[in-house]
Amino acid sequence: MSRRHYDAVDHVRGTSQYIDDVPPPVGTLYATVVGSPQAKGSIRAIETAEARALPGVHAILRARDIPGQNQIGALLPDEELLASTEVAYIGHPVAVVVAESQELARRAAALVQVQVDPEPPIVDPREAFERGELIAPARTFACGDIDQGFSKADVVLRGTCEIAGQEHLYLETQRARAVPQEGGAIRVASSTQSPYAVQKAVARVLGLPNHRVEVDVRRLGGGFGGKEDQATAWACVAALAAHQLDRPVQIVLHRLEDLQMTGKRHPYSADYEIGLSSDGTILAYRAVLYQNSGARADLSTAVLERSLFHATNAYRVPNVQVTAACCRTNLQPHTAFRGFGGPQGMFVIEAALAHASDHLGIPRHVIQRRNLIREGDVTPYGQPMVRARGERCFDELAEAFDLEGMVSSVKAHNDQRGPTRRGLAVMPICFGISFTKTFLNQAGALLHVYGDGSVGLSTGGVEMGQGVNSKLRDIASQALGIRGERVRLESTNTTRVANMSPSAASATTDLNGNATLEAVRQVRGRLLALAAERLGAEVSRVDLIDEVVTLDGSPTDWSWTRLVSEAYFARVDLSAHGFYATPDLNFDTNTETGNPFAYHVWGASVFVAEVDVRRGTYTFEPICVVHDLGRSINPVVDIGQIEGGLAQGIGWMTLEELAYDDQGRLLSRALSTYKAPDGDFMPEVRARLIEDDNPGMPYGSKAVGEPPLMYGIGAYFALREAVRAFNPTARLPFHAPMTPERVLMGLYETEDPEDR
Ligand code: MTE
Ligand code: LUZ
Ligand code: MOS
């Protein structure tokens with residue numbers, strides 16, 4: 001089964017419609033946000049006279065113009081839509097300029113003067129921690145007896161890690177269009193992963209009940225977590241202006257505004273301590289994770305939770321104590337980003353294993369293999385591992401791609417002492433699937449079969465390029481027994497599916513696919529009952545296969561279209577609403593234990609990096625992956641997700657460097673100073689899928705969206721090995737990303753910094 005992406009033809013022709021491709025309604029105005037020039041302080045004055053005087057400027061809105069609550073915090077109520085008295089980061093929205101054109105709005109915004117009495121900002125999470133600037137109390141996941149574990153260890157190693165954040169770089173910047181409706185209602189088109197979050201926030205800001213706010217999402221030009229929560233503010237801005245001026249209002253962020261104003265992947269600073277026996281068995285692991293949360297909670301507490309869940313990655317560690325804290329700083333509020341804190345948690349234990357490998361003289365991949373978590377082991381959060389596939393993926397990787405052969409050829413290359421050095425790293429992954437907030441694991445679907453046999457499907461799933469519409473089409477058509485072309489995926493709309501969870505946590509197909517299957521079950525049941533009646537047979541003897549009704553397995557002259565048409569005239573309900581809630585999930589935050597995940601995704605990858613020892617530049621050999629997808633619904637889409645996730649993970653670990661100064665100013669705030677990997681940089685990906693059932697999920701499939709990103713961590717450690725092959729005494733602090741600059745410094749680092 002190889003089915004193309006639902007949007008393939010429109011994307012290639014350029015006919016896919018994003019928010020501002022839809023012609024604007026007559027009278028549309030354009031909004032721009034004015035941000036704080038200072039990272040911290042109180043607002044003294046906002047001078048708007050000059051801007052207001054420009055012909056074509058309709059309004060300049062401030063906190064006091066908000067009719068409902070000036071509050072958009074999703075998890076904690078700590079975020080104003082427009083700062084009323086205090087600003088907490090550079091770019092913090094303080095006012096909205098509404099004008100006849102986008103250009104005019106920007107020109108006017110530049111004339112607004114925001115005067116702030118500045119206070120010294122905090123940019124470092126450890127400093128925030130010391131000053132007690134925490135967004136929520138720190139949390140600790142623990143198992144076993146940590147002191148006893150360390151006392152039994154032959155070696156105990158300690159170190160620190162600095163892990164940088166990451167810019168989402170969705171191609172479509174944040175945007176929304178709001179159109180007032182009769183009766184004070186409002187319709188919002190938003191580029192959001194979470195239409196219900198937008199609906200709730202707009203309703204709160206405007207002081208309306210949820211049913212007066214309709215949110216519609218056709219598709220996103222990428223989200224990557226950056227629009228799970230942070231699309232909300234822009235939708236609220238458009239809605240506020242539309243509501244106040246009674247005109248349609250659109251806001252489209254310029255790339256530079258988006259880079260400056262929106263949150264990114266959380267940077268982390270961490271301390272680790274690992275105890276091992278001399279053969280490399282992990283006995284104890286302790287870590288403290290300082291999350292740089294930025295100025296507001298956003299999704300930080302949930303992201304932190306996932307760092308804790310994934311702090312031991314795919315390894316069995318009998319004695320664990322990991323503490324993590326959301327540290328409030330004066331940077332943009334950081335937010336969801338593919339992996340959702342998991343990658344940062346995993347990086348730290350991978351660094352600890354590199355440290356152990358250096359110290360014990362045992363190759364890192366041997367230590368990794370020895371400690372993989374197995375069937376029946378229990379995670380530090382108390383969930384027993386069922387259908388553990390870590391060892392299987394690792395061993396298939398070693399076998400299929402000849403890991404030992406790769407190791408020897410890297411060594412042979414380095415022994416030639418030419419102008420390049422190579423390094424190898426294996427990266428296993430284990431990622432839990434489900435929202436860690438149990439209540440979010442629910443979804444709805446609304447299925448209509450029309451009289452001509454065509455089908456319209458609405459769900460809570462948002463298409464952001466990841467292919468959820470392709471998979472939902474495949475699931476619905478397969479379950480109905482009809483061709484995929486008959487199924488159209490409608491936009492995601494809050495009036496058709498209520499109370500939807502964000503499209504996130506990689507679980508969109510799991511949740512909405514199961515809701516779709518439930519809706520199909522209802523309609524199909526009614527159709528087959530009618531067919532049985534007309535054929536004078538028991539329902540159990542009829543079926544619908546390849547658009548034909550079968551009786552005892554043999555085709556009848558009842559086609560899909562004939563059956564649907566007859567059902568219509570027989571007044572059979574051809575619509576259904578399906579609902580799904582993942583069973584058996586629970587988590588107790590008092591004991592920090594439970595079964596938060598429906599299942600885990602497993603995989604293993606191997607990277608070989610080649611470093612130019614004169615320039616510090618590098619390339620990668622083809623990346624080899626063995627990945628667990630259950631039974632893939634759509635292998636074309638899934639391989640695309642593996643490749644895309646890898647590219648994003650490698651970028652995070654290598655080229656992408658977010659630089660801030662000590663005043664909280666983002667220095668890398670344009671694409672001339674922030675380098676993301678491109679097609680030339682990306683190595684070939686050789687992915688093998690292990691075919692395995694995943695009970696309870698659509699057709700035995702598994703989620704795919706986020707886990708492959710974490711393979712990218714292997715790129716960092718492969719580069720580290722390559723540098724050490726040239727300069728064995730390099731200390732190479734665990735600072736990610738491993739930019740060419742850091743590589744070059746590592747290549748020529750001497751043991752004593754005074755020698756330089
Ligand atoms: N792929 C594309 N092309 N665009 C995206 O925005 N987002 C990623 C991943 N893959 C994303 C993507 C993230 S962060 C998640 S959580 C999942 O897709 C969300 O979709 P899913 O639940 O359908 O996997
Ligand atoms: N979003 C969320 C997520 O709200 N909860 C999660 O557990 C999660 N995990 C991954 C990505 N987004
Ligand atoms: Mo993805 S970080 O769950 O949007």
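Biologist: Which residues in helix 6 meet helix 7, and which residues of helix 7 do they meet?

Modeller: A helix contact is read by listing the residues that each partner contributes. In this predicted model, helix 6 contributes Ala197, Val198, Ala201, Val202, Val205 and Leu206. On the side of helix 7 they meet Thr232, Ala235, Cys236, Ala239, Leu240 and His243. By class, the residues of this contact divide into 10 nonpolar, 2 polar and no charged.

Biologist: At what angle do the axes of helix 6 and helix 7 cross?

Modeller: The axes of helix 6, residues 195-206, and helix 7, residues 232-245, cross at roughly 40 degrees and come within 9 Å. Because of that angle, helix 6 is oblique to helix 7. The crossing in which helix 6 passes helix 7 is right-handed.

Biologist: How is the packing of helix 14 and helix 15 to be read, and what is the angle between them?

Modeller: Helix 14 spans residues 468-480 and helix 15 spans residues 508-535; they pack at about 25 degrees, with axes 9 Å apart. Angles under 35 degrees count as roughly parallel, so helix 14 is roughly parallel to helix 15. Their crossing is right-handed. From helix 14, the contact takes in Val468, Lys471, Leu472, Ile475, Ala476, Ala479 and Leu480. Their partners in helix 15 are Thr508, Thr509, Asn512, Gly513, Thr516, Leu517, Val520 and Arg524. This contact has 8 nonpolar, 5 polar and 2 charged residues.

Biologist: Is helix 15 roughly parallel or roughly perpendicular to helix 16?

Modeller: The angle decides the matter. Helix 15 packs against helix 16, residues 560-569, at about 95 degrees, and the axes are 10 Å apart. Helix 15 is therefore roughly perpendicular to helix 16. Leu527, Leu530, Ala531 and Arg534 of helix 15 make the contact with Trp560, Leu563, Val564, Glu566 and Ala567 of helix 16. Sorted by class, these residues comprise 7 nonpolar, no polar and 2 charged.

Biologist: Turning to the ligands, which residues around ligand 1 come nearest?

Modeller: A ligand site is read first from its surrounding residues and then from individual atom pairs. There are 16 residues around ligand 1, and Gly223, Phe224, Met464, Thr508 and Gln641 come nearest. Thr508 also belongs to the residues of helix 15 that meet helix 14.

Biologist: Which residues surround ligand 2?

Modeller: The surrounding residues are Glu228, Arg306, Phe340, Phe435, Thr436, Leu440, Ala504, Ala505 and Glu706. A side-chain N or O atom of glutamate 228 is 2.7 Å from a nitrogen atom of ligand 2. In the case of arginine 306, a side-chain N or O atom is 2.8 Å from a nitrogen atom of this ligand. Alanine 505 places a polar backbone atom 3.5 Å from a nitrogen atom of ligand 2.

Biologist: Is the peptide bond from alanine 736 to proline 737 cis or trans?

Modeller: Omega is the angle to inspect. For this bond omega is near 5 degrees, and the bond is cis. Proline 737 sits in the loop between strand 31 (734-736) and helix 19 (740-747).

Biologist: What is the phi of arginine 387, and where is that residue placed?

Modeller: Arginine 387 has a positive phi of about 50 degrees, although it is not a glycine. Its place is the loop between helix 11 (364-370) and helix 12 (390-400).

How values were computed:
Residues numbered from 1 in each chain as written. Chains lettered and ligands numbered in written order. Predicted model: local features only at pLDDT ≥ 70, side-chain atom pairs only at ≥ 80, totals over all residues. Heavy atoms only, no water. Axes fitted to C-alpha atoms, helices over the stretch in contact; angles between N-to-C directions. Helix = DSSP H or I, 4+ residues; strand = E, 2+ residues; numbered from the N terminus. Parallel < 35°, antiparallel > 145°, perpendicular 65-115°, else oblique. Left-handed = near helix turned anticlockwise from the far one by under 90°. Contact = heavy atoms within 4.5 Å. Nonpolar A, V, L, I, M, F, W, Y, C, P; charged D, E, K, R; others polar. Near = heavy atom within 4 Å. Polar contact = N/O pair within 3.5 Å; in protein donor to acceptor, adjacent residues only side chain to side chain.
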